[in-house]
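User: I am new to this structure. Please take me through it, and show how each conclusion is reached.

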Amino acid sequence: KLTSPLTLCIAANVKQVLMIAISTFIFSTPITLLNGAGIVVVLAGSAQYSIVSMGEKKIANKKIDDVVSKDDEEANSASDSDYESAPLLDDSIGSPMTRKEPVVS
């Protein structure tokens, strides 16, 4: 894993700010009060979306982890009586130590 999703969200927001600042400088665009308010609204909305998106992903991952850990607990709590026992040696097919192919039942 090279980077976290949070890092990517922050990088995307920083990219937007830099893109606006650099394009304003290169094209000598004056920022009026209305333009500035629009920029702030867009950046705030983008940041809010990133926060909500990250929260939803974290909840989904927690649910998956809970299901996996529950399955692991059930598998670890299984007793020996839950499994069928097989004979260790069957004279009709030879010793398990000398047998070349697995027994398929």
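Analyst: The expected span of a helix is 1.5 Å times one less than its number of residues. This is a predicted model, and the rule can be applied to its helix α1, residues 5–26.

User: What is the secondary structure of the chain?

Analyst: The chain has two helices and zero strands. Helix α2 covers residues 33–76.

User: Which residues of α1 are buried?

Analyst: Cys-9, Asn-13 and Thr-24 are the buried residues of α1. They cover an arc of only 40° around the axis, which puts them on the same side of α1. On the other side of the helix, the exposed residues are Leu-8, Lys-15, Met-19, Phe-25 and Ile-26.

User: What does Asn-13 touch, not counting residues up to four places away in sequence?

Analyst: Asn-13, in helix α1, touches Ser-46, Ala-47 and Ser-50 on that count. A further value concerns Ala-44: its C-alpha atom is separated from that of Asn-13 by 9.4 Å, with the two residues 31 apart along the chain.

User: Why is Ser-50 called buried?

Analyst: Buried means under 20% relative accessible area. Ser-50 has 11%, so Ser-50 is buried. Its place is in helix α2, and, leaving aside neighbours within four places in sequence, Ser-50 is in contact with Cys-9 and Asn-13.

User: Why is Ser-28 called exposed?

Analyst: Exposed means over 50% relative accessible area. The value for Ser-28 is 61%, so Ser-28 is exposed. Ser-28 lies in the loop between α1 and α2. Its phi is positive, about 50°, although Ser-28 is not a glycine.

User: How many of the residues of the chain count as buried, in percent?

Analyst: Of the 105 residues, 7% count as buried. The chain exposes about 9,400 Å², and carbon and sulfur atoms supply 65% of that area.

Note on methods
Residues numbered from 1 in each chain as written. Predicted model: local features only at pLDDT ≥ 70, side-chain atom pairs only at ≥ 80, totals over all residues. Heavy atoms only, no water. Helix = DSSP H or I, 4+ residues; strand = E, 2+ residues; numbered from the N terminus. Buried < 20%, exposed > 50% of the residue type's maximum accessible area, 1.4 Å probe, protein only. Arc of directions from axis to C-beta. Contact = heavy atoms within 4.5 Å. Areas by Shrake-Rupley, 256 points an atom, 1.4 Å probe, with all protein chains shown as cover.
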